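Dear colleague,

Please find the structure below, handed over for your reference.

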Amino acid sequence: MKMSNEEALLSPCRGRALLADLQLADKWTTLILYGLLEGPLRFNEIRRRIDGVSQKMLSQSLRGLERNGLVARAVMDTAPVTVEYSLTPLGRTLDVLVRTMFDWIGAHEEELLRAQADYDARHGDGPRPSVHAHGLVIRR
């Protein structure tokens with residue numbers, strides 16, 4: 001029997017645990033997936049393309065993506081050793097989802113920034129750190 005959305009949110013289940021493990025909403029995970037949509041990249045290529053990501057966070061995120069079967073890691077027999085990352089067939093199934101999310105952000109960027117500024121002004125908070133504050137950009 002299929003659960004309703006509300007039941008799925010309220011009850012512990014494998015799907016909910018997998019959703020937490022996947023960390024698809026994590027900024028580094030999403031940016032890595034987006035970067036790999038065009039094809040395989042070496043570790044340092046990914047790091048150069050994603051402003052603000054530390055070596056540690058990139059390594060952790062790539063390991064998580066590999067563990068979940070979304071990214072493949074290939075070690076090349078070169079001197080020095082080269083490691084290349086690519087989307088697996090399962091990872092490729094996220095193509096439309098990831099592109100749609102980035103398209104949506106691009107289409108609503110001004111509204112989102114205005115809403116954040118309005119919230120911060122109402123609550124007396126200074127601007128909260130955001131992708132804009134850290135200059136997080138994925139370079140093609």
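**Salt bridges**

E45 forms a salt bridge with R42, with 3.8 Å between the closest N and O atoms; a salt bridge here is a side-chain nitrogen of Lys or Arg within 4 Å of a carboxyl oxygen of Asp or Glu. R42 is partly exposed, at 38% relative accessibility (buried means under 20% relative accessible area, exposed over 50%, and partly exposed in between, with a 1.4 Å probe and protein chains only).

Please note that this is a predicted model, in which local features need pLDDT of at least 70 and side-chain atom pairs count only at pLDDT 80 or more, while totals for chains, interfaces and linings use all residues. Residues are numbered from 1 along each chain as its sequence is written, and side-chain values use heavy atoms, with hydrogens and water left out.

By the rule given above, the count comes to four salt bridges. Side chains of opposite charge can pair when their charged atoms come close. One of these pairs is E38 with R99, at 3.1 Å from N to O. E38 is exposed, with a relative accessible area of 52%, whereas R99 is partly exposed at 28% relative accessibility.

R99 also meets D95 in a salt bridge, at 2.7 Å from N to O. D95 and R99 are four residues apart in helix α7, and about one helical turn separates them. D95 is buried, with a relative accessible area of 19%. A network of salt bridges links E38, R92, D95 and R99.

**Overall organisation**

The chain has seven helices and three strands; helices (H or I, at least four residues) and strands (E, at least two) are DSSP runs, numbered from the N terminus. From the N terminus on, the elements run α-α-α-β-α-α-β-β-α-α. Of the 140 residues of the chain, 25% count as buried. Among contacts (heavy atoms within 4.5 Å) between residues at least 6 apart in sequence, 51% join residues at least 24 apart.

How many of the 10 residues of helix α3 are buried? Nine of them are, and the helix, residues 27-36, is thus described as mostly covered. The buried residues are W28, T29, T30, L31, I32, L33, Y34, G35 and L36.

Two packed helices are described by the angle between their axes and the distance between the axes. Axes are lines fitted to C-alpha atoms, for helices over the stretch in contact, and angles run from 0 to 180 degrees between N-to-C directions. Angles under 35 degrees count as roughly parallel, over 145 as roughly antiparallel, 65 to 115 as roughly perpendicular and the rest as oblique.

The axes of α3 and α7 are 10 Å apart, at an angle of about 110°, and the two helices are therefore roughly perpendicular. In this contact, T30, L31, L33 and Y34 of α3 meet V98, M101 and F102 of α7.

The axes of α3 and helix α5 (residues 55-67) come within 10 Å and cross at roughly 70°; α3 and α5 are therefore also roughly perpendicular. W28, T29, I32 and L33 of α3 make this contact with M57, L58, S61, L62 and L65 of α5.

Yours sincerely
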